[in-house]
Amino acid sequence: MNTPTAVLSGLSASDVVTLIASGKLSAQAYMEHARERAAAQSALNCFIAEDWSAAIDAAKRVDRRRQAGASLAPLEGLPISVKDNINVSGWGTSGGTRALKAFRPQEGESPLVARLRAAGAIVVAKTNMHELAFGITNVNSDPFPGTARNPYDPSKITGGSSGGAAASVAGGIVPCALGTDTSGSIRIPASLCGVVGFRPTVGNGASNRRYDSTGILPISPTKDTAGLMAGCVADVVLLDAVLTGSGPSARPALRGVRLAVPPCLWADLDDGVRSTMEAVQRKLSEAGVVFVGADMPQLFELNEQVSAALALHEPIAAVPRYLMESGAEGITLASIAAQIANPDVAGAWKAVLSDAFGSAYPDVMAIHRPRLQAYYRDYFVQHRVDAILFPATPVPAISIASAQTSQDMSINGAKPVPIFNTYVRHTDPGASAGLPGLVLPAGRTAEGLPVGLELDGIYGDDARLLALGETIESLLGRLPRLA
């Protein structure tokens, strides 16, 4: 069981649990490798909290059970990281902000975490995030928690808000991570860090929602969801099966698959993103995919009537409810707001505290969001498409320095545009409508930066979307593992 380090770094989650169950890999040895990898990659600032001692002790128990002949659970011995806005029993939940740095929930472990742990997964760390999940760069002004860095180029942003989770997977520390996504917080960092990111169906909540999102510091319960990040789609499928109790769908052949490519989601792209995505289109076309070019001219307008009101009105009730359910004492919206360090987050919370969108909210829920959902639903039916394909982000990762000094950026030297709006341009509409979305690596630019493609699917059709992602991934290949 003396497996070379290079081999260990290249293992998928599926590989790890299979090898541990067969006795070909020691859970302890793999966990010690993960700890060493975390130390070697510490400059990425992936983690807010780590507990490798407890993780290695847990791995030793896995080895003893296997040696005693016990049947191992599906994820036995698998190290995972969890975004630090998700409650994990025995760990703090800081939300990436100083106001909650010492907060340790007394109750309310996320049911998703509980299911993963019951299946044998071992939480090794809580991951860095954009403060309070209200941003898409993971550039934080406060040294706590500091800024996460992109494993492909540490001078670049990871994207956010689940940036630490993406970096922990891309950096080869853990095979999988649990994050959250409101407007793109899983899919944006997945795209910029070259990993797979999955946002499941939310729909109208309740029975429409694929993942239970209780035990998570919220922004918008209507849009928020937990989701998964991994090095390959098969690993997302593995964890999704544990979380839902459902089996995977059969992988489809690509010939005859109908993918929509609306021009509005392919406009104003960075040159490197465009060339990478056009190469993907050529490969898929050669494999028999049928592209449907029908546009969605009202998409952004409909989303504008929904998105901000959800993100900036719902926290006023949702955050206090979370704090109460988690057993917090003496923490209020005002006390959190008083310690916010990031200017972008402070501006958003000013709108929250003043309830700037309160009067608009009833019409958003009764009229505007249903219109957006109907727009997607009619598009899928009218054009008979299996998924909508587009670049997950219009641009690759920008420099941390530029994100620190300006709220604007230029695409191909054109007139500056807002950084936030640019990165969420493609991911936000599907989130507002509650669609499932899957991001996987499309390739890299000439500068070596990852480019992600996104597939948005039909409500509730998550398993088929994941199966389609597996088939496309098998054609495109995965990005090379980082040394």
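## The largest cavity

Helix 8 (233–244) and helix 19 (462–476) each contribute at least two residues to the lining of the largest cavity, and helix 19 has the largest share of that lining, with 4 residues. Helices (H or I, at least four residues) and strands (E, at least two) are DSSP runs, numbered from the N terminus. This is a predicted model, in which local features need pLDDT of at least 70 and side-chain atom pairs count only at pLDDT 80 or more, while totals for chains, interfaces and linings use all residues. Residues are numbered from 1 along each chain as its sequence is written, and side-chain values use heavy atoms, with hydrogens and water left out.

The volume of the largest cavity is about 60 Å³. On a 1 Å grid over the protein atoms alone, a cavity is a set of points where a 1.4 Å probe fits but cannot get out, a pocket is an open set with protein on both sides within 12 Å along at least five of seven lines, and lining residues have an atom within 4 Å of a point. Grid points are joined across faces, edges and corners, and a volume is the space filled by probe spheres set on the points. Among the residues lining the largest cavity are Arg 210, Val 237, Asp 240, Ser 246, Leu 466 and Glu 470. By class, this lining has 6 nonpolar, 3 polar and 3 charged residues, where Ala, Val, Leu, Ile, Met, Phe, Trp, Tyr, Cys and Pro count as nonpolar, Asp, Glu, Lys and Arg as charged, and the others, Gly among them, as polar.

## The second largest cavity

The count comes to 3 cavities of 30 Å³ or more, and the second largest cavity holds about 60 Å³ of space. Helix 1 (5–9) and helix 3 each supply at least two residues of its lining, which includes Leu 8, Tyr 30, His 33, Val 169, Pro 175 and Arg 481. The lining of the second largest cavity divides into 7 nonpolar, 3 polar and 1 charged residues.

## Helix 3 against helix 4

Helix 3 (residues 27–40) and helix 4 (residues 52–67) have axes that come within 7 Å and cross at roughly 160°; axes are lines fitted to C-alpha atoms, for helices over the stretch in contact, and angles run from 0 to 180 degrees between N-to-C directions. Helix 3 and helix 4 are therefore roughly antiparallel to each other, a term used for angles over 145 degrees.

In the contact between them (heavy atoms within 4.5 Å), the residues of helix 3 include Ala 27, Met 31 and Arg 35, and those of helix 4 include Trp 52, Ile 56 and Asp 63. By class, this contact has 9 nonpolar, 1 polar and 4 charged residues.

## The largest pocket

About 1100 Å³ of space lies in the largest pocket. Of its 37 lining residues, those closest to the centre are Phe 134, Ile 136, Asp 344, Phe 420 and Asn 421. Several helices each supply at least two residues of this lining, including helix 14 (343–353) and helix 17 (419–424). The lining of the largest pocket has 15 nonpolar, 18 polar and 4 charged residues.

## The second largest pocket

The second largest pocket has about 350 Å³ of space, and of the 20 residues that line it, Ser 213, Thr 214, Ile 216, Pro 218 and Pro 221 are the closest to its centre. Strand 6 (225–230) and helix 12 (315–325) are the elements that give two or more residues to this lining, and helix 12 gives the most, with 4 residues.

Key:
Parallel < 35°, antiparallel > 145°, perpendicular 65-115°, else oblique.
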